[in-house]
Amino acid sequence: MVRAAGFEEVELSWLRVDQEFQDEHKRRDGVVSMLQEHGLLVGEFRGIDLAAVGEDQLAETVGAVQEQMTLAKEIGISSITLRAGDRRRQDMGLLDKIIRSALAQAERLDMQVHLVNAYRSRIEQVLDWQYLIESLGSDCLRVALDLGELHRSGGNVQETIVALMPKLAMVRVCDRVGAHRVSIGKGEINLPAALECLCQERYAGPFVVEPCAETDDLEATLTSTRIYLAHALMLLRQGRI
């Protein structure tokens, strides 16, 4: 389906891996076999949410992230995407400790850690990223920008892209009406403006597409999304929009 829609790679979620392969000793071979069976290439590994809110949960969270990074490396993936916990409950200092441990593992494995924003998470606005980037000071740390979640949070897309461009490694694309995902181009997000800013800043990284959750034809939705993005980017690069 993904290939038929014209996409090159998929994002692999730890939650899916954990559900499909509960025996940790068979996990690596099971994932490799599944990908080969479906002819899929993985561009990104989505780890668990860093939901710890107390020091008593720190060791468990760090251990889980390190396990997931090791698996990702073993199956040929060079990065992991992580989302922070609830900003109303999670202290930034605790998150700093978790990510610092992940970055130490990333340096050992020659990987990158991509921090993604989310509505009401500890990483929600550009200042949250900037604080962690400055505090952690790691070459392994990168930004994964989720345009849908930034829209929900009321963030300024252009200002965010410009501010984070030196660390921007991935852009997640969807469209929304309020909190609900809708087909690309039919929601409230000004995607042409976001894409224009990315082109102006010479963004050359991947786009991860999140299709509408209520679609009856996922392949058709993925295909139309790819065509929309490809057409918009082509026109922008030609200076026609």
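Helix 8 and helix 9 (residues 218-237) pack with their axes 10 Å apart, at an angle of about 55 degrees. The model is predicted: local features require pLDDT of at least 70, side-chain atom pairs count only at pLDDT 80 or more, and totals for chains, interfaces and linings use all residues. Residues are numbered from 1 along each chain as its sequence is written, and side-chain values use heavy atoms, with hydrogens and water left out.

**Helix 8 with helix 9**
- Helix 8 and helix 9 are therefore oblique to each other (angles under 35 degrees count as roughly parallel, over 145 as roughly antiparallel, 65 to 115 as roughly perpendicular and the rest as oblique).
- Axes are lines fitted to C-alpha atoms, for helices over the stretch in contact, and angles run from 0 to 180 degrees between N-to-C directions.
- From helix 8, Leu-191, Pro-192, Leu-195, Glu-196 and Cys-199 meet Tyr-228, Leu-229, Ala-232, Leu-233, Leu-236 and Arg-237 of helix 9, where contact means heavy atoms within 4.5 Å.
- By class, this contact of helix 8 with helix 9 has nine nonpolar, no polar and two charged residues (Ala, Val, Leu, Ile, Met, Phe, Trp, Tyr, Cys and Pro count as nonpolar, Asp, Glu, Lys and Arg as charged, and the others, Gly among them, as polar).

**Helix 7 with helix 8**
- The axes of helix 7 (residues 157-164) and helix 8 (residues 191-200) cross at roughly 20 degrees and come within 9 Å.
- That angle makes helix 7 roughly parallel to helix 8.
- Val-157, Gln-158, Ile-161 and Val-162 of helix 7 make the contact with Ala-193, Ala-194, Cys-197 and Leu-198 of helix 8.

**Whole chain**
- The protein chain has nine helices and nine strands, which are DSSP runs (H or I, at least four residues, for helices; E, at least two, for strands) numbered from the N terminus.
- Along its principal axes, the C-alpha trace of the protein chain spans about 50 × 45 × 30 Å.
- Of the 241 residues, 47% count as buried (under 20% relative accessible area, with exposed over 50% and partly exposed in between; 1.4 Å probe, protein chains only).

**Positive phi**
- Asp-110 is not a glycine, yet has a positive phi of about 60 degrees; Asp-110 lies in the loop between helix 4 (92-109) and strand 4 (112-116).
- At 62% relative accessibility, Asp-110 counts as exposed.
- Arg-120, in the loop between strand 4 and helix 5 (126-136), has a positive phi near 65 degrees.
- Arg-120 is partly exposed, with a relative accessible area of 41%.
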